[in-house]
Amino acid sequence: MIDKFCEYLTKKIQKEMPDIDEERAEIIKYGLQLLLGEVPKFFIMAAIAWFLGIFKLTILCFVLMLPYRMYSGGFHLKTHLGCII
């Protein structure tokens, strides 16, 4: 679902800015997928942590692991929903 929405947004952007070539459109689509895929995950995780009473520890853990996540690879699921679960 996120992929289809990002494809739609990318096509809209290309329509508004016809000077964007296919390579640049792929970069925009990938950035939108990251943005729309990761931001909701963070808020869902934060809401669950708040509900469980460990919000401060969760934010601390997220901030401390951020540099590691930026440079590490690892196991990736095919859908954003699978990754959230």
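**Figure 1. Salt bridge between Lys-29 and Glu-7 in the predicted model**. Lys-29 and Glu-7 form a salt bridge in which the closest N and O atoms are 2.7 Å apart. Because Lys-29 belongs to helix α2 and Glu-7 to helix α1, the pair ties together parts that are 22 residues apart in sequence. Lys-29 counts as buried, at 17% relative accessibility, whereas Glu-7 is partly exposed, with a relative accessible area of 27%.

**Figure 2. Network of salt bridges formed by Glu-7, Lys-11 and Lys-29**. The side chain of Glu-7 also meets that of Lys-11 in a salt bridge, with an N to O distance of 3.4 Å. Glu-7 and Lys-11 are four residues apart in helix α1, which means that about one helical turn separates them. Lys-11 is partly exposed, its relative accessible area being 48%. Through these pairings, Glu-7, Lys-11 and Lys-29 are linked in a network.

**Figure 3. Salt bridge between Glu-38 and Lys-41 in helix α2**. The two side chains meet at 3.2 Å, N to O. Glu-38 and Lys-41 lie three residues apart in α2 and are therefore separated by about one helical turn. Lys-41 is buried, with a relative accessible area of 12%, while Glu-38 is partly exposed at 32%. The structure holds three salt bridges.

**Figure 4. Buried and exposed sides of helix α1**. Cys-6, Thr-10 and Gln-14 are buried in α1. These residues cover an arc of only 80° around the axis, so they fall on the same side of the helix. Lys-4, Lys-15 and Glu-16, on the other side of α1, are exposed. The buried residues of α1 pack against α2, residues 22-52. Helix α1 comprises 15 residues (residues 2-16); at 1.5 Å a residue it should span 21 Å, and its end C-alpha atoms are 21 Å apart, in agreement with that expectation.

Figure 5. The structure holds zero disulfides.

Figure 6. Of its 85 residues, 15% count as buried. Among contacts with a separation of 6 or more, 43% involve residues 24 or more positions apart. The accessible surface comes to about 7,400 Å², and carbon and sulfur atoms account for 71% of that area.

Technical notes:
Residues are numbered from 1 along each chain as its sequence is written. This is a predicted model: local features need pLDDT of at least 70, side-chain atom pairs count only at pLDDT 80 or more; totals for chains, interfaces and linings use all residues. Side-chain values use heavy atoms; hydrogens and water are left out. Helices (H or I, at least four residues) and strands (E, at least two) are DSSP runs, numbered from the N terminus. The expected span of a helix is 1.5 Å times one less than its number of residues. Buried means under 20% relative accessible area, exposed over 50%, partly exposed in between (1.4 Å probe, protein chains only). The arc is that of the directions from the helix axis to the C-beta atoms. Contact means heavy atoms within 4.5 Å. Accessible areas come from the Shrake-Rupley method with a 1.4 Å probe; for residues, only the protein chains shown count as cover. A disulfide is a pair of cysteine sulfur atoms within 2.5 Å. A salt bridge is a side-chain nitrogen of Lys or Arg within 4 Å of a carboxyl oxygen of Asp or Glu.
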